[in-house]
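Me: I would like a close look at a single part of this structure, taken slowly and with its surroundings included. Please keep the answer connected.

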Amino acid sequence: MQSANFVLPYINQPGTFTLSDYKGKIIILTFWVSWCPDCSTDLPKKEQIYRSMNDNNIEMVTINVTERERSHTDAENYTAKFLSQPTLKDNGREVYDFFQCEGVPTTVIINQHGEIVRTFGEKDTIMEIIEAIGAIL
């Protein structure tokens, strides 16, 4: 399935992220909300990978599902405290719904050609995600 292009504002830096600017790279998108216990387990693992990763062919991005947050400051505070990777604000649930997410965290892997390769839900492990990335590298 071809991924749609989207443009979303960053939470943790000025400006916007445009998905099509990263064509040619593997994109790892993680959808999350600050109150979610599974997200609080998943995101620190992804943050550790992001901080140790030295691969220019992979872009890791998290997207806060703003419509599912209690308040916009919750997402901003969580991001400031825990995330250094690029973190975006969804337009309500627009991008979350486009990727047919059913819960959080949801991780979507997009290959170098802009195709959605795999989607992982809250029950999938970080090792399964890493293996899927390795299979397309």
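Which residue in β5 does Asn-64 stand opposite, and how is the strand β4 set within the rest of the structure?

Reply: In this predicted model, Asn-64 stands opposite Lys-89 in β5, and that pairing belongs to a set of three bridges by which β4 and strand β5 (residues 87-89) are joined, the two running parallel. Strand β3 (residues 26-32) also pairs with β4 in the parallel sense, here over seven bridges, with Ile-28 standing opposite Met-60.

As for the setting of β4 (residues 58-64), seven of its seven residues are buried, that is, each has under 20% relative accessible area, so the strand is largely enclosed by the rest of the structure. In a regular strand the side chains alternate between the two faces of the sheet. Here Ile-58, Met-60, Thr-62 and Asn-64 point one way, while Glu-59, Val-61 and Ile-63 point the other way, and all of them are buried.

The helices complete the picture. Within α2, the buried residues are Ala-75, Tyr-78 and Thr-79; viewed down the helix axis they fall within an arc of 100°, so they line one face of α2. These buried residues pack against β4 as well as β3, α1 and β5, whereas Asn-77, Ala-80 and Lys-81, on the other side of α2, are exposed.

Note on methods. Residues are numbered from 1 along each chain as its sequence is written. This is a predicted model: local features need pLDDT of at least 70, side-chain atom pairs count only at pLDDT 80 or more; totals for chains, interfaces and linings use all residues. Side-chain values use heavy atoms; hydrogens and water are left out. Buried means under 20% relative accessible area, exposed over 50%, partly exposed in between (1.4 Å probe, protein chains only). Helices (H or I, at least four residues) and strands (E, at least two) are DSSP runs, numbered from the N terminus. Two strands pair if DSSP finds at least two bridges between them. The arc is that of the directions from the helix axis to the C-beta atoms. Contact means heavy atoms within 4.5 Å.
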